[in-house]
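Let's take a walk through this model together. Keep the viewer open and follow along.

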Amino acid sequence: AEFWNYVAAVSGTSRGNAVETTARVVVPDVDVWNEISKKDIDEYHRSGIVATQSTPLISRTGKCLGMMSTHWKRVYQPSERKLGLFELLTRQVDDVIEKKQAEDALWQSKEWLQRAIKIETVGVIFFNDDNIIVEANDAFLKMTRFTAEQVGHIRLEDITPPEWIPSMKNAIEEILGNGIATPYERELIRADGSRFWALCAKARISENDNIEYIIDVTKRREADDALRQNEQRFRTLTNAFPQVIWTNDAKGKANFFNERWYKYSGLNYEESVGLGWEAIVHPDDAPASKEIWHKALAEGKIFDTEYRLRRHDDVYRWHIGRNIPLKNNEDKIIGWFGSATEIEELKQTENALRESEAKMKITFESATDFAIITIDKDCHIESWNSGAEKIFGYSEQEIKGKSCDLIFTPEDIAENGSYKEM
């Protein structure tokens, strides 16, 4: 049975030859035909077949669809007339097979198409060259609030705001020329007149038939708008600060700077991004401050240090630098917020105070012939020079922190702290 049900082009049979060469094969006598295989002959003998002819079935496009053969139980050479009848019959069979294959392919494509357009998250519409929507899936109807009964009466212009008509027409011209249009976002109008944002992609599927895929991106657009507004508020807020402000990504790369940074450093964004404050820190302060910063990065802790930062005129001024880790709901660091507050005047004041204290100490220690004593508000001795030690006989270690009662008279104490030297 397999011999008759299956024919391979390389089987070596007369029928296989017809399929392989796409030419008719006539065998008037199987016992004297040299090109017939032994397998063919043995099967023909078992079936009582003596003569055969095999005609390939060729489609109108030249594709071999199969083969039709006839068999005789006697030696037989078909006449040209009968061979012509065979040819006519195979042409009719060709048309029937080709039509059936086309119907099967169409049915299969429609089945796949119906499955595809049932997707719940993507709207699918079919429209003709008059821009009339002739078919739409449930997802499109849901997002636009039109009914199935309205399909066939809606035009693309009906769901497109006036300001988006030119973009829609450009996309249609694109599919007419290239078969497919570049996806783009635009607003669409719902049945109730409200609008929503959609990502649209059109394509040409056949003459007078087009398809468009529509994805509702309103929530994403709203999220993008909210993000832009938040970013604008953040920029406005940070630009109002008198401090230098910047942000870093989770790995520490500086990626945002306020206006104060640019004015102070004289750098542009390209020169600042990545390194941030490290680009202008004083060489003497860089090793320690960078070590503290990298440790803070590794441990996810606040960075806090003092360093000198180079101004646009190459003058270094002292700052307190802080970087605070920003975390999400899972306590994972998603970035850093940094600031540098100038403390140059404070540093100058501290230096002046240290210099004053040093001068005072020299004066304090050089006075050996008279006592210089400092007392706190509770009448405890804070300091005691060598002159005081010489006059009173107490060393500074012995007297420091003791009550001034030891060196002042009761009369002095009674005068509310108007003490006099003894």
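Helices (H or I, at least four residues) and strands (E, at least two) are DSSP runs here, numbered from the N terminus. This is a predicted model, so to speak of a local feature takes a pLDDT of at least 70 and to count a side-chain atom pair takes 80 or more, while totals for chains, interfaces and linings use all residues. Residues are numbered from 1 along each chain as its sequence is written, and side-chain values use heavy atoms, with hydrogens and water left out.

Start in the loop between α7 (218-240) and β9, where you'll find P242. Is P242 buried or exposed? It counts as exposed, because its relative accessibility is 64%; the cut-offs are under 20% relative accessible area for buried, over 50% for exposed and partly exposed in between (1.4 Å probe, protein chains only).

Now zoom out. The protein chain has 14 helices and 15 strands, and 35% of its 422 residues count as buried. Take contacts (heavy atoms within 4.5 Å) between residues at least 6 apart in sequence: 41% of them join residues at least 24 apart.

N248 stands opposite A254 in β10. Four residues separate the two strands of this hairpin, and G252 takes a positive phi near 100 degrees.

Strand β11 (residues 303-310) runs antiparallel to strand β12 (residues 316-327), with eight bridges joining them, and D304 sits opposite R322. Five residues lie between β11 and β12, and D314 in the turn has a positive phi of about 70 degrees. β12 also pairs with strand β13 (residues 333-342), again antiparallel, over nine bridges, among which N323 has G338 as its partner in β13. That hairpin has five residues between its strands too, with D331 at a positive phi near 65 degrees.

What about the inside? A nonpolar core is a set of buried Ala, Val, Leu, Ile, Met, Phe, Trp, Tyr and Cys residues joined through side-chain atoms within 4.5 Å. The largest has 24 residues, and I133, F140 and I214 have the most contacts inside it. α6 (165-178) and β7 (195-206) are among the elements that each supply at least two of its residues, and α6 gives the most, with five. I214 touches, among others, F140, M143 and L188, not counting residues up to four places away in sequence. A second, separate core of 18 residues includes A254, F257, L309 and W336.

Finally, the largest pocket holds about 300 Å³ of space. Its lining includes I117, K118, N137, M143 and D216, and helix α5 (residues 138-144) contributes the largest share, four residues. On a 1 Å grid over the protein atoms alone, a pocket is an open set of points where a 1.4 Å probe fits, with protein on both sides within 12 Å along at least five of seven lines; lining residues have an atom within 4 Å of a point. Grid points are joined across faces, edges and corners, and the volume is the space filled by probe spheres set on them.

Conventions
Pairing = 2+ DSSP bridges.
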